[in-house]
Amino acid sequence: MPPDSARWERLIGRFARRAEGSGYGLIVQPVFEHTEVFRRVGEGTDVVQKEMYEFVDRGDRALVLRPEGTAAVMRAFVQHRPATPWKVWYVAPHFRYERAQKGRYRQHHQLGVEAIGTDDPALDVEVVAMAEGFLRDLGLRDIRLLVNSLGDTTCRPGYVDLLRAYFAEHADRLCNDSRGRYPTNPLRVLDCKRPECQEIAERAPALFEHLCDPCREHFEGVQRGLDAIGVKYEIDPRLVRGLDYYTRTTFEFTSSSLDAAQNALGGGGRYDRLSEDMGAPPAPGIGFGLGVERLLIACDAEGTFALGVRGLDVFVVDAVGGDSGFEATVVLAHDLRETGLRVDRGFGGRSVKAQIKAADRSAATYTAIVAPEEWSRGMVVVKHMESGDQHEVPRDEVGAWVRTRIDSAGARA
Ligand code: HAM
């Protein structure tokens with residue numbers, strides 16, 4: 001709600017500037033998708049198995065409120081086949097049936113990008129750098145960037161076998177969930193937050209040491225690029241992320257201002273097989289999503305990206321009343337708005353005192369008062385609210401008069 005929503009708006013504006021500055025265009029998508037879009041890509045993940053809001057519509061279609069953005073963007077790509085590389089950004093609500101708490105909601109919002117059509121590591125560098133730059137724009141400092149490579153269908157199966165064998169050796173010390181999970185999905189165990197599992201996972205074999213040559217070269221390229229532009233990162237061999245479609249590069253930004261259980265501000269990675277998993281020709285891609293609510297929590301904790309109170313420029317007050325006051329203030333407010341000033345006014349024939357009070361509340365820089373005697377001479381009383389200084393200004397010149405003063409005050413600030 002206003003006034004807090006002004007910060008939300010500015011956050012999106014900053015992100016748009018970053019994304020558009022790297023050649024990404026806005027994509028706006030439906031809030032719901034065919035269940036199939038997510039089912040195919042996330043059989044082994046909580047987000048898809050346990051957390052989707054699913055429903056059947058009046059035409060018997062199985063639909064979901066989108067739990068994440070990547071598969072939805074890939075669905076659009078597969079359907080419309082735009083020229084590649086196809087680079088899009090979004091800000092959208094996402095829905096997950098989670099245990100709601102601070103930083104974890106059943107409806108959250110993500111700012112994200114997806115770039116589809118090339119597996120060039122330069123794209124990975126661009127995407128990571130964009131997110132990193134945006135977090136810097138917000139003034140966030142308490143951030144870690146973790147990166148990893150999850151390999152591909154050539155090298156990952158061998159590693160998964162190795163990992164399964166390792167966890168089998170230590171199965172008696174894993175938590176119940178992980179013990180049930182490691183035979184089918186040992187990668188997920190690397191992600192388990194229970195201390196007993198983390199201790200075992202710390203000594204597990206690392207995938208980046210078992211990459212095939214093309215994946216190793218790709219990962220080295222990403223690191224070389226990040227080094228070249230001075231982006232600081234840590235390689236985290238246990239970063240597997242919570243969705244199944246990832247291949248090769250994965251990354252996550254964490255903030256120590258958030259609770260440990262949900263300290264990820266955002267993350268992403270490559271999904272080079274997602275298009276084929278949807279039954280379409282190959283189309284490698286990479287992207288990320290940042291949680292808007294978590295970004296704002298982190299900004300609050302670090303005391304940055306504060307809400308700048310920027311009130312109105314002019315508040316129009318009707319001190320004439322009746323039909324002539326009505327007409328005069330309708331025209332004055334309209335003309336001032338047409339000049340690009342931010343203008344509000346009193347309504348409902350309220351007393352002058354009540355209107356002045358409303359002007360104070362609106363934090364307007366100036367009040368333009370249509371008063372009987374001055375108006376009859378074609379003049380408006382313009383009052384600077386902070387100093388109380390008053391001037392008579394010809395009615396057709398109020399806009400230019402205010403604009404000059406606001407611009408020169410802005411230049412002095
Ligand atoms: P994700 O890691 O599931 O990735 O979500 C991205 C970010 O959204 C999280 O890091 C977090 O900040 C925020 N988030 C997720 N769930 C919640 C929640 N319940 N409440 C508040 N914030 C939340 C994805 O969704 C991928 N689609 C990202 C991606 C794009 N990968 C490639 N391209």
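## Helix α1

The expected span of a helix is 1.5 Å times one less than its number of residues. In this predicted model, helix α1 covers residues 5–20, which makes 16 residues. From its first C-alpha to its last, α1 reaches 22 Å, close to the expected 22 Å.

Several residues of α1 are buried: R7, L11, I12, F15, A16 and A19. Their cover includes the strands β5 (86–95), β6 (107–116) and β11 (285–291), along with the helices α5 (121–137) and α12 (292–302).

## A five-stranded sheet

Five strands form an open sheet in the order β13-β12-β14-β15-β16, and their pairing is mixed. At the edges stand β13 (343–345) and β16 (390–394), each of which pairs on one side only. On average, neighbouring strands of this sheet are turned by 25° against each other, direction ignored.

Strand β12 (residues 314–318) runs parallel to β13 and is joined to β13 by three bridges. Opposite V314 stands V343 in β13. Helix α14 (residues 352–361) lies across β12 and β14 (366–370), and runs at about 175° to β12.

## The whole protein

The protein has 16 helices and 16 strands. Its radius of gyration is 28 Å, well over the 22 Å given by the globule rule for 413 residues, so the protein is more spread out than a compact globule. The C-alpha trace spans about 90 × 55 × 45 Å along its principal axes.

Of the 413 residues, 50% are buried. The protein exposes about 20,300 Å², and carbon and sulfur atoms supply 50% of that area. Among contacts between residues at least 6 apart in sequence, 70% join residues at least 24 apart.

Definitions and conventions. Residues numbered from 1 in each chain as written. Predicted model: local features only at pLDDT ≥ 70, side-chain atom pairs only at ≥ 80, totals over all residues. Heavy atoms only, no water. Helix = DSSP H or I, 4+ residues; strand = E, 2+ residues; numbered from the N terminus. Buried < 20%, exposed > 50% of the residue type's maximum accessible area, 1.4 Å probe, protein only. Contact = heavy atoms within 4.5 Å. Pairing = 2+ DSSP bridges. Axes fitted to C-alpha atoms, helices over the stretch in contact; angles between N-to-C directions. Rg over C-alpha atoms; globule rule 2.2 N^0.38 Å. Areas by Shrake-Rupley, 256 points an atom, 1.4 Å probe, with all protein chains shown as cover.
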